[in-house]
Amino acid sequence: MIIDFYKSLSPSTQSIIWVTLFLLIVIILLRIMLRDYSADKPAKGITLILESFVKMMNGFTKEMLGKRWRALAPYFISLAIYIFVANISGLFGFTPPTVSLSVTFALGMVTFFLIQIFGIKANGVKGYVKDLCSPVVMTPMNIISEISVPISLGVRLFGNILSGSIISILLYSFLGWFAVFITPPVHALFDVLFGFIQTFIFLMLTAVNIGNKFSENDFE
């Protein structure tokens with residue numbers, strides 16, 4: 001019954017399940033491996049890689065978001081890992097979850113709510129509303145601009161990853177057995193390189209939209 005239900009799901013939904021399970025297993029394994037971790041001990045191996053990644057992401061969020069970076073750093077780290085793993089899942093025969101508009105739109109909605117929450121925290125309700133309605137004649141446009149953020153983020157990521165997947169599928173269909181020799185560099189380009197670029201763009205746009213809600217004092 002479970003197998004039949006799984007087979008009835010769309011390829012992108014199946015990929016979402018596998019990517020989520022993969023990340024959960026990785027988190028559990030890393031938790032076990034790092035249970036004796038201490039900042040006082042010199043990092044090596046997987047610990048060094050993880051520590052370098054976390055430091056890099058902390059530096060990124062600190063530069064983009066100023067004094068409030070600590071509250072948002074975990075979100076950016078999680079976002080970077082999920083989007084990149086989802087984007088490169090095509091290397092392992094899966095349909096990337098990010099070719100599903102529901103996934104990319106959901107990621108955009110999370111960013112949208114964070115923008116509003118931190119906008120209110122930074123400026124207060126009164127300041128938030130004042131900023132939204134300034135100038136008064138532009139209030140409708142300001143509201144539309146806010147609402148368009150999750151749509152633009154979701155559609156941009158969806159469109160770019162989908163286009164790469166379509167090109168790969170067309171190459172497989174057109175080249176037949178010769179695809180074995182041609183497609184490896186194509187996957188390296190569209191899955192890995194473009195996957196990384198689209199992850200970075202999503203993170204950058206998220207940071208810019210959240211940072212725009214902060215005052216100059218937050219960056220001093």
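Student: How much space lies in the second largest pocket?
Tutor: This is a predicted model, and its pockets were computed from the protein atoms alone. The second largest pocket is lined by 14 residues, among them Phe94 and Thr95. The space that lies in the second largest pocket is about 230 Å³.

Student: Which helix gives the largest share of the lining of the second largest pocket?
Tutor: Helix H6 (139-175) and H7 each supply at least two residues of that lining. The lining divides into seven nonpolar, six polar and one charged residue. The largest share, six residues, comes from H6.

Student: Which residues lie nearest the centre of the largest pocket?
Tutor: About 910 Å³ of space lies in the largest pocket. Helix H2 (11-33), H3, H4 and helix H7 (179-211) are the elements that give two or more residues to its lining. The 28 lining residues comprise 24 nonpolar, three polar and one charged. Those nearest the centre are Leu50, Phe53, Ile77, Ala80 and Ile81.

Student: How many residues of the contact of H3 with H4 are nonpolar?
Tutor: Residues of H3 including Phe53, Met57 and Leu65 meet residues of H4 including Trp69, Phe76 and Ile81. Two residues of this contact are polar and one is charged, while the nonpolar residues number 12.

Methods. Residues are numbered from 1 along each chain as its sequence is written. This is a predicted model: local features need pLDDT of at least 70, side-chain atom pairs count only at pLDDT 80 or more; totals for chains, interfaces and linings use all residues. Side-chain values use heavy atoms; hydrogens and water are left out. Contact means heavy atoms within 4.5 Å. Helices (H or I, at least four residues) and strands (E, at least two) are DSSP runs, numbered from the N terminus. Ala, Val, Leu, Ile, Met, Phe, Trp, Tyr, Cys and Pro count as nonpolar, Asp, Glu, Lys and Arg as charged, and the others, Gly among them, as polar. On a 1 Å grid over the protein atoms alone, a cavity is a set of points where a 1.4 Å probe fits but cannot get out, and a pocket is an open set with protein on both sides within 12 Å along at least five of seven lines; lining residues have an atom within 4 Å of a point. Grid points are joined across faces, edges and corners, and a volume is the space filled by probe spheres set on the points.
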